[in-house]
Amino acid sequence: MAIYNYNGKEPIKIAVADLSDKHRDLIFENKTFCMLPWIHLHSFPTGEAYPCCNTEMKNTIGNTSQQSLNEIWHGTAMQSVRANMLAGERVEGCSRCYEQEEAGFFSMRLSSNKHFGHHIALTDNPRPEMKLVYWDIRFSNLCNLRCRSCGHIFSSNWYDDQAKLVEMEHGSGDHWRNKHKRLYFAGRSEDDMWDQLKDQIDNLEQVYFAGGEPLIMEEHYRLLHELIKRGRTDVRLIYNTNFTEMKYKKTNILELWREFKSVSVGASLDAMGMRAEYIRKNCDWHQIETNRSAMLEICPNVDFYISPTVSIMNAWHISDFHRAWVDMGFLKPQDLNINILQDPAHYRIDAFTPRFKEVIKAKWEDHLTWLRPLDSLTRATTGFESAIKFMMADDKSHLLPQFFDRTHKLDKIRNESLISAIPELYHEEVMYTAMGQR
């Protein structure tokens with residue numbers, strides 16, 4: 001059996017020899033083309049719609065709380081995105097993928113062309129019919145955690161903390177509370193999104209569940225049961241989950257996953273123990289390890305990997321975490337998919353001081369010496385190598401004061417302590433820079 005080429009551009013469901021010259025050029029040579037605007041549409045829990053989840057937040061193409069999916073699909077903003085991509089012109093909202101590719105990451109754009117390139121003929125139609133082959137709709141912001149780099153848009157649990165931050169900075173949170181809701185639904189009503197999407201189920205090849213937290217959402221289980229009912233257990237399920245809850249009402253998700261042919265679970269785990277509980281507030285690290293043990297027992301063949309958001313908070317620790325879970329038998333060396341944090345800017349790893357970057361770089365390079373011979377997929381290896389390049393490419397250490405200011409405010413609200421949870425951030429030079437004493 002051929003080894004999956006993680007960093008290869010070749011589409012996995014169509015032979016390169018069967019591509020026309022035009023289509024081959026789009027996939028291999030065009031630096032801006034992405035398959036997603038022909039097969040997919042993304043929506044935030046608050047309704048803002050985008051070509052995909054990696055789009056810059058300001059570059060919306062519509063709003064699902066006010067428009068139907070079909071209206072957005074055929075709207076001028078989406079048509080403009082498609083036209084620019086076909087012409088090889090940069091799309092303003094796609095800068096995250098461009099930045100990732102420049103650092104050596106295998107971006108979402110490249111991955112989408114790889115996994116959905118067999119639909120390349122759709123690009124011949126300037127106004128394609130809406131057939132949603134790939135879903136990534138955030139039905140709501142329902143979540144049980146308050147992760148440091150998140151906010152109320154993606155976590156209902158963040159609502160009170162956000163209001164308190166506003167009160168700290170502006171004296172009152174009443175105006176903010178009057179403008180924002182605790183719980184959001186992506187559609188024009190609570191069930192609107194499901195009512196629109198259920199007619200698209202027969203087109204579905206892949207669904208990406210994220211949140212909020214998908215494993216506590218009613219819509220997630222409704223879709224899985226509907227797929228089983230229709231005999232569509234061939235649909236590929238991909239998750240980004242905080243991995244804290246394995247049961248919903250009377251359903252054990254581990255039992256349900258066994259019904260499907262292809263399930264990939266990316267656990268959003270950034271660190272171990274006390275660090276994990278600090279970065280992702282309300283998580284219970286012991287429960288997470290218990291959940292992983294149960295998964296290995298009940299559905300050992302389900303693909304599992306950790307998908308950490310690498311930021312200023314976990315950069316020093318992430319290699320320790322990776323190695324520890326491999327040693328515990330919870331993970332294969334290759335099963336780590338680094339998501340480099342790009343926003344909010346004050347959490348980025350290029351905000352470290354130049355000398356502390358060298359400390360992180362040396363630690364990661366030592367980790368890579370251990371990892372490379374064990375990583376046949378090269379996903380984890382490429383992740384660390386690209387993260388080093390990303391970190392060293394720019395100096396954003398002027399953002400350190402903003403990081404410490406925001407963090408200390410949240411510490412006060414949550415009765416927590418950065419220095420107790422992540423003491424390495426109190427490296428002498430980091431603190432001097434944060435206090436403006438360089």
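Axes here are lines fitted to C-alpha atoms, for helices over the stretch in contact, and angles run from 0 to 180 degrees between N-to-C directions. The model is predicted, so local features need pLDDT of at least 70 and side-chain atom pairs pLDDT 80 or more, while totals for chains, interfaces and linings use all residues. Residues are numbered from 1 along each chain as its sequence is written, and side-chain values use heavy atoms, without hydrogens and water.

**View 1. Helix 14 and helix 15 cross at roughly 165°.** Helices are DSSP runs (H or I, at least four residues), numbered from the N terminus. The axes of helix 14 (residues 354-371) and helix 15 (residues 379-392) come within 10 Å. The pair is therefore roughly antiparallel (angles over 145 degrees). Contact (heavy atoms within 4.5 Å) involves residues including Trp364 and Leu368 of helix 14 and Phe384 and Ile388 of helix 15.

**View 2. Helix 3 (residues 76-86) has buried residues.** Met78, Val81, Arg82 and Met85 are buried (under 20% relative accessible area, 1.4 Å probe, protein chains only). Their directions from the helix axis to the C-beta atoms fall within an arc of 95°, so these residues line one face of helix 3. They pack against helix 2 (69-73). After helix 3 comes Gly88, with a positive phi near 75°.

**View 3. The cysteines form 0 disulfides.** A disulfide is a pair of cysteine sulfur atoms within 2.5 Å. For Cys94, the nearest cysteine sulfur is that of Cys52, 6.4 Å away. The sulfur of Cys143 is 6.1 Å from the closest one, in Cys147, which is too far for a bond. Cys94 is buried at 14% relative accessibility, and Cys143 is buried at 10%.

Note on methods:
Buried < 20%, exposed > 50% of the residue type's maximum accessible area, 1.4 Å probe, protein only. Helix = DSSP H or I, 4+ residues; strand = E, 2+ residues; numbered from the N terminus. Parallel < 35°, antiparallel > 145°, perpendicular 65-115°, else oblique.
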